[in-house]
Amino acid sequence: MLGQQLINGLMLGSVYALIGVGYTLVFGVLRMLNLAHAYLFMAAPFVAFSAMRSGVPATVAFATGIAGSALLGVVLYIVAFRPIPRHHALGGFVTSLSFGVALQVVVVNAFGTLKIPFGTGLSLPDIEFGGLILSGIQAINLVLAATLMAGLLVVVNRTRLGRNLRALAQNETAASLLGVSVRRHVLLTFLVSSALAGLAGLMVAERFGAINAYMGDTYAVKALAVVVIGGLGDLRGAMIAGVLLGIFEVLFQAYAPPGLSEAFVWLLLIATFLFKPEGLFGMRQTRREV
Amino acid sequence: MGVLLAEPVQALLAINALLTLSLLFPFLAGVWSLGLPGFMAVGAYSAAYLTLAMGVPMPVAIVAGTVLGSVVTLPFGLLALRIRGIYLAIATLAAAELITLFFSHFELTGGVMGYTGMPYLEARWLLLVALATLGISGWVYHSRLGKAMKAVGSDPIVAACNGINVAYIQLISLGIGGAFAGLAGACFAHFYSFIAPANFAFHRTVDILMFLVTGGLTPLGALVGSAVLTLVPQYVTALERWAPAFYGVIVIVMMAWMPAGLLPGNRLPRWHIRQRTQATARRNFARREVADATPPVPGDIGATRRVP
Amino acid sequence: MLRVQNLTREFSGLRALDDVTFDVEDGSITALIGPNGAGKTTLVNIITAVVSPSAGRVEFDGTTISSLSSHRVARLGIRRTFQTVHLFPGMTVRDNLVIGRFSAAFEHRAWSVLTLPRWGDATGRIRTDEVLALMDLALVADEIATDLPYGMQRRVEIARALCADPRLVLLDEPAAGMNQAETERLRDDIAVIREHGVTVLLIEHDMSLVMNVSDKIVVLDFGRKIAEGTPAEVQRDPAVISSYLGTA
């Protein structure tokens, strides 16, 4: 049974990791938290759902869903982040949240508040090993998530684009003076981050077979914990923290009294800020500004 | 006008005003505390328990709720001394969630199903309380203490070099915020006669934050922001379904054009407009310069502790 | 009055201050000069507890202050201005000055912090008016401080330090960005400050100001004290000359 729980934890963890990575990418280049992220996560399945409802085949609908959230991400940047003066850090917090909530209200008014069944009708074989069962969907999700995250790490750490992004994250002025187009890179980051959010949303929608306007809410705040514990701005940290948190949550729910898993996560978040602000798995050096 | 006479609207106005005022003081002093729902919950549940289970007269219970709301800010204050800015916002958010989580599992006050049966408090009393609190807020804001809070909020190191004990001021501002939120919670409990952990979710903080951002970091701003954003969806009934989206659009527009809010100087509009055109010009100029501002780094979390 | 003893400060291996020792006598005007990066502002930051020393200590009237926090140091009677003006935004000149007296008011009568600035704390209000008159700021007392021209803002910052009835005032490059007339005005202001019995530690680059107004000059270079004495002595000191003009 433990093995099965671990697999469930891994599934949940991969979703947390994907969302956490999205948060981290934006925080890295803008030093602001994009709280609309989880709402973009929610939007993609609805876009895909609408597409499928009008007869578009599942794979195209999924692509549309991801494109939809990516596009919304760009709109989000233009509307909610670009106009904010840099020193008004809480501004990004509030406007992105507003954007997200507005998005949610639109979805509620268009689709109602109840759960809507969602499925591609694809039936894939289950994989069995060592007494554990991994459904075809789960396998695909895991592989996809792992590939994407590995790919992201490679891009960020080994390519020129990644180097530009890291330069931008460390010192925007210097980077732009060295020829890094700030606006283009930030837009690209938002595109990728939002696409990842959309993908995560589609994965969850497919797994649970249903979508609703509030599906992003629990992930929103939990994923915040992921990025903090993993270290704000630290890609690898977010991935590790996401996976671990997913595993912990499932194990806690299976073996511990209810509500304790949430309390544990919050306490861990607070403890991280107090004792290890660069994150539990922070690979970053703490920079002390003198 | 008829809408204004409706009790639920009055109550909503009063409670939102109280909550926005409770958010004002910590933020004024630079303490980005999102612990609001937690303080409100403590005020609500304690006052409700006192009247329901212990038969305490309502006014006394409400005062108790206020005091407890203030007391519970102490651990948050300790957080505020070690963590700063947006990181503190997240940490206090988590801490408030912990409080709500506690009440979800606290069977003595109904757990998740909620707590009900509190004696009824009429809306006009809520309005009175809100007005009184507004008066107190205005007084504190303009007093020496208020100026010290503003100083601490804008430049804690310089404030300290001028003799101000930054930690005390931050704790006091949090304490005031907690008291107002506790008061709001206690009143909430006795108007609706029903409270449940779901009433004290992050969602509420989001709304109140929007009110404050729209109105500006002043008591008058808090009042105007909360009143306007609470009333408009009431008047335009078609808007009620879209209220959060409406708030969202307002906030986004405000951030772009008036980041300081509607009444940042605690002055009435006419005076404000003349200042605003100067301010806008200065801000647009500053925006280009500010791009160089060093972003906060995770390791830079510590409060005004000196560089070791 | 102020004793700096063996003060050392390292930042990740870089020695901003290296074993600096000197005294500031009561009622004097002491100047701290040196090329950029010599460690002067770091020294002031250590005295006012914005930065803590790596080694050494600072004594004020016999009390060790290097382990105290900034506001404690300020309450002992040490006030300062900053290299770039740091007035509190959104507050009038008068309010900025009054902030300096907040702790005094609180200690005198705790209630008074809840009073509106127009009432209460009579001593404070009188003092504020005095300082406003002294620094020629009475006319702009109710303007928003950050709206004023830069030279005036600097005067407000000095006024803020004075309003608190300090015993020692640290002026960090007060003449920066000032023209000739303003600098002369500053010189007069500093002299008046001394006349009121306040000791001054002045950090400056403007040599004419420093030479004219100081009783004693301490010279720093690369974090070390390289000279100390009267203006005349320091002007002749070969170490000072070479640090400013460079070795041939």
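Helix α9 (residues 215-230) of chain A packs against helix α10 (residues 235-255) of chain A at an angle of about 125°, and their axes are 8 Å apart. Axes here are lines fitted to C-alpha atoms, for helices over the stretch in contact, and angles run from 0 to 180 degrees between N-to-C directions. This is a predicted model, in which local features need pLDDT of at least 70, side-chain atom pairs count only at pLDDT 80 or more, and totals for chains, interfaces and linings use all residues. Residues are numbered from 1 along each chain as its sequence is written, while chains are lettered from A and ligands numbered from 1 in the order in which they are written. The model scores ipTM 0.88 and pTM 0.85.

**Helix packing within chain A**

- α9(A) and α10(A) are therefore oblique to each other; angles under 35 degrees count as roughly parallel, over 145 as roughly antiparallel, 65 to 115 as roughly perpendicular and the rest as oblique.
- The crossing in which α9(A) passes α10(A) is right-handed (left-handed if the near helix is turned anticlockwise from the far one by less than a right angle, right-handed if clockwise).
- From α9(A), the residues A225(A), V226(A), V227(A), I229(A) and G230(A) meet G237(A), A238(A), I240(A), A241(A), G242(A) and L245(A) of α10(A); two residues are in contact if their C-beta atoms, placed from the backbone, lie within 7 Å.
- This contact of α9(A) with α10(A) comprises eight nonpolar, three polar and no charged residues (Ala, Val, Leu, Ile, Met, Phe, Trp, Tyr, Cys and Pro count as nonpolar, Asp, Glu, Lys and Arg as charged, and the others, Gly among them, as polar).

- Helix α11 (residues 260-275) of chain A and helix α6 (residues 85-104) of chain B pack at about 150°, with their axes 9 Å apart.
- That angle makes α11(A) roughly antiparallel to α6(B).
- α11(A) and α6(B) cross in a left-handed manner.
- On the side of α11(A), the contact is made by E262(A), A263(A), W266(A), L269(A), I270(A) and F273(A), and on the side of α6(B) by Y87(B), A91(B), A94(B), A95(B), E97(B), L98(B) and L101(B).
- Eleven nonpolar, no polar and two charged residues form the contact of α11(A) with α6(B).

**Domains of chain C**

- Chain C is divided into domain 1 (1-77 + 166-248) and domain 2 (86-165), with bounds that come from an automatic or database domain assignment.
- The C-alpha centres of these two domains of chain C lie 25 Å apart.
- Twelve residues of domain 1 of chain C are in contact with eleven residues of domain 2 of chain C.
- On the side of domain 1 of chain C that touches domain 2, the elements giving two or more residues are α2 (70-75), β7 (168-172) and α7 (180-195) of chain C; helices (H or I, at least four residues) and strands (E, at least two) are DSSP runs, numbered from the N terminus.
- α7(C) gives the most to that side of domain 1, with four residues.
- The residues of that side of domain 1 of chain C divide into seven nonpolar, two polar and three charged.

**Confidence**

- Chain A has a mean pLDDT of 83, and 94% of its residues reach 70 or more; pLDDT is the predictor's confidence in each residue, from 0 to 100.
- In chain A, confidence is lowest in strand β2 (residues 127-129), at a mean of 74, and highest in helix α2 (residues 37-53), at 91.
- Chain B averages a pLDDT of 83, with 84% of the residues scoring at least 70.
- Among the elements of chain B, helix α14 (residues 269-290) has the lowest mean pLDDT (46) and helix α10 (residues 166-192) the highest (95).
- Chain C averages a pLDDT of 86, and 96% of the residues score at least 70.
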